[in-house]
Amino acid sequence: MSGVAASSDLVPVGQRALRAAEHPQAAEDEVTGARRHRLRWLAVVVAVAVVAVLSVTVRGLSSPDGPGAVAASPSAAGFSDALIPGDSSQFVADVTIPDGTRVKVNAHFVKVWALANVGSVDWHNRFLARMNPTGDDDGCQVPDRVAIGDTPPGEQVKISVPVVAPSRPGKCWVSWKIVDEHGRAYFPSRRPIYFEVTVTA
C-alpha cells in the first residue's frame, strides 16, 4: 500500500519537473507567484497580530484600572487622571530658583512656578500641597500648602512658596501637588512638581 502511494505521489512531481524543463520561465513564474502568495498571507497575519496588541494596550491605558494606568501620560490614548472630567494642568516654567541653584545655609528665598490651566474647568479654591514629609531641621522649611489663584481655562498662574534653607550644607528637595481644600489631589497619578537646591556653607 505504501509503495503504491509513493508511486502515485511521484507522478505530479515528475510532471512538474518535465514542465519546468520544457518551459523554464513559466516554472519560475509559478514559483515566484507561490512565494508572493505566501508573503501576502504572512503580511496579513502580522498585521492582525499588531492590531490585536495595540488594541489591548490602548484599552489598558484608557482604563483607570488597566495595566500601566498610573504611569501613563495623561495625553496618551485619551487617558485622564483628573478628579474632575475635563480638568487638566501643564507645567510651564521655573520662574525662580531653577533646579540645582546654590543657596547659603539658613537662606530665605521664594520658589515660583508657572502652571497653565489647559483643561475646560475653572480653577478655584485650589492649593499646592507638600507631598514629601517635612522631616527635621536638616530639610528646607516650607508651608504645608500654599494657595493657587483662580485660573480660568487657557490662562497661566504663578505659584509662590516661601522657603528657608536648612542649617547644614547638602541637598534639599521638596515635591508638591495640586489639591482641593480637603487635600484630595486633582491629578493623583501625575508626577509632582518640585524644587531642588544645593545648600552651601
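Before we start, residues are numbered from 1 along each chain as its sequence is written, and side-chain values use heavy atoms, with hydrogens and water left out. Because the model is predicted, local features need pLDDT of at least 70 and side-chain atom pairs count only at pLDDT 80 or more, while totals for chains, interfaces and linings use all residues.

Let's begin with an open sheet. Its three strands run in the order β1-β3-β6, with antiparallel pairing. (Strands are DSSP runs of E, at least two residues long, numbered from the N terminus; two of them pair if DSSP finds at least two bridges between them.) β1 and β6 are the edge strands, each pairing on one side only. On average, neighbouring strands here are turned by 30° against each other, direction ignored; the axes behind that angle are lines fitted to C-alpha atoms. In general, strands of a sheet pair through backbone hydrogen bonds, either parallel or antiparallel.

| Strand pair | Sense | Bridges |
|---|---|---|
| β1 and β3 | antiparallel | five bridges |
| β4 and β7 | antiparallel | four bridges |
| β7 and β8 | antiparallel | seven bridges |

Now zoom in on Ser-89, which sits in strand β1 (residues 89-94). Ser-89 counts as buried because its relative accessibility is 15%, and buried means under 20% relative accessible area with a 1.4 Å probe, protein chains only.

Over in β6 you'll find Val-157, which is also buried, at 8% relative accessible area. Val-157 and Leu-115 are 42 residues apart in sequence, yet their C-alpha atoms are 5.5 Å apart in space. Setting aside neighbours within four places in sequence, Val-157 has contacts (heavy atoms within 4.5 Å) that include Trp-113, Leu-115 and Trp-123.

What about β7? Seven of its 10 residues are buried, so this strand is mostly covered. Lys-177 in β7 is the bridge partner of Ala-129, and Trp-176 stands opposite Ile-193 in β8.

Finally, the core. A nonpolar core is a set of buried Ala, Val, Leu, Ile, Met, Phe, Trp, Tyr and Cys residues joined through side-chain atoms within 4.5 Å. The largest one has 28 residues, and Phe-109, Leu-128, Trp-176, Ile-178, Phe-195 and Val-197 touch the most other members. Elements giving two or more residues to this core are β3, β5, β6, β7 and β8. Beyond its neighbours within four places in sequence, Leu-128 is in contact with residues including Trp-113, Trp-176, Ile-178 and Ile-193.

Terms used:
Buried means under 20% relative accessible area, exposed over 50%, partly exposed in between (1.4 Å probe, protein chains only). Axes are lines fitted to C-alpha atoms, for helices over the stretch in contact, and angles run from 0 to 180 degrees between N-to-C directions.
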